[in-house]
Amino acid sequence: MNHENILVETRGKVGLITLNRPKALNALSPALMRELAAALDAFEADENIGAMVITGSERAFAAGADIKEMQTKGYMDVYKGDFITAEWERVTRCRKPVIAAVAGVALGGGCELAMMCDFILAADNARFGQPEINLAIIPGAGGTQRLPRFVGKSKAMEMCLLGQARYMDAAEAERCGLVSRIVPVAQLVDDAVATAAKIAELSLPIVMMAKESVNRAFETTLAEGVHFERRLFHSTFATEDQKEGMAAFVEKRKPSFRQR
C-alpha cells in the first residue's frame, strides 16, 4: 500500500512506522491516522511481525491534531463523524506490543497517541504537553484520562489547564512514569527497534497475554485483576511454547518457540 503521510518498513520481526509530515510537524490529520491504522492492521496480520514501533522525526513525534482540518468543523460534524474514535483508536486495539519512540514535541494528540502505545521510549530532547486549552477545547483522545494514570492528578491537571505554559521534558516524564526510559536522540529509533526485536523473539501468544493482563489492571479492581491474571497464567500451561520454554531452561539452551 502506498502511503503519503507515513513511512512503513520491516526490520526483522519488527514493524516500524514513521509519521512523515515534516512541514506540519507530523500533525495528525485524518488521512495520516487512516494510513496509520492500515499499517497497524497489516503488521497485526503478518505472522512474521512480533512487535511494532511508532516514531516521528527528531524535531517532532507529533505536534497534535491537524488544527487546519479541525477549524471549520461544527458539533454535528464531529459528533456524526465520531471524530477521533473513528480514526484514532486502532493502536489501542493492537494485540501485539506497540512501542512509541518519541523525539522532539509530543503535544496534544501526539502526546495522546504516544500514551495509547504500550510504553514510551523518549529521546533526551522530548517534550510532552496538552495545549488544547489554548484553542478553547479540551483533550479528546484520552489526554484527561490516560495522563492522570501516568503522572497523577496534580501534574495532569496542571498540564491540561495551563496548556502551552506547562510542558514536561524527558527527565520529568521519566521521573513521573510517563516514559520508561530516556535514550540519546541519535540512538532512539535503533534502540526502540532493538527493544521491540527482543520482545518479538519471545512467544507471541504469551506476550499478548502479558499485555492483556497488564492493561486489565487499569480497567478493574485489584481482586478482579488478580483473578484475571491467574486464569491467563493457568492458560499458558496449555501452550506448546510453555513446554518448550521450560524444557529449554532446564536443558540450558535457547528456546525455539513455535508461537503455539
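Helix H5 (residues 109-116) lies across strands E4, E6 and E8, and its direction makes about 95° with that of E6. Here helices (H or I, at least four residues) and strands (E, at least two) are DSSP runs numbered from the N terminus, contact means heavy atoms within 4.5 Å, and axes are lines fitted to C-alpha atoms, for helices over the stretch in contact, with angles running from 0 to 180 degrees between N-to-C directions.

The model is a predicted one, in which local features need pLDDT of at least 70 and side-chain atom pairs count only at pLDDT 80 or more, while totals for chains, interfaces and linings use all residues. Residues are numbered from 1 along each chain as its sequence is written, and side-chain values use heavy atoms, with hydrogens and water left out.

The strands E4, E6 and E8 belong to an open sheet of 4 strands with mixed pairing, in the order E4-E6-E8-E9. Strand E4 (60-62) and strand E9 (168-169) each have a single partner strand and stand at the edges, so one side of each is left without a neighbour in the sheet. Two strands pair if DSSP finds at least two bridges between them.

Another open sheet has 6 strands in the order E1-E2-E3-E5-E7-E10, again with mixed pairing. Its edge strands, E1 (6-11) and E10 (181-183), pair on one side only. Helix H1 (residues 30-45) lies across E1, E2 and E3, running at about 15° to E1.

| Strand pair | Sense | Bridges | Facing residues |
|---|---|---|---|
| E2 (residues 14-19) and E3 (residues 51-55) | parallel | 5 bridges | Val14 and Ala51 |

Turning to the helices, the axes of H6 (residues 143-151) and H7 (residues 153-162) come within 7 Å and cross at roughly 140°. That makes H6 oblique to H7, given that angles under 35 degrees count as roughly parallel, over 145 as roughly antiparallel, 65 to 115 as roughly perpendicular and the rest as oblique. Residues Gly143, Thr144, Leu147, Pro148 and Val151 of H6 meet Lys153, Lys155, Ala156, Met159 and Cys160 of H7.

In helix H3 (residues 75-80), Tyr75 and Tyr79 are 4 residues apart, and are therefore separated by about one helical turn.
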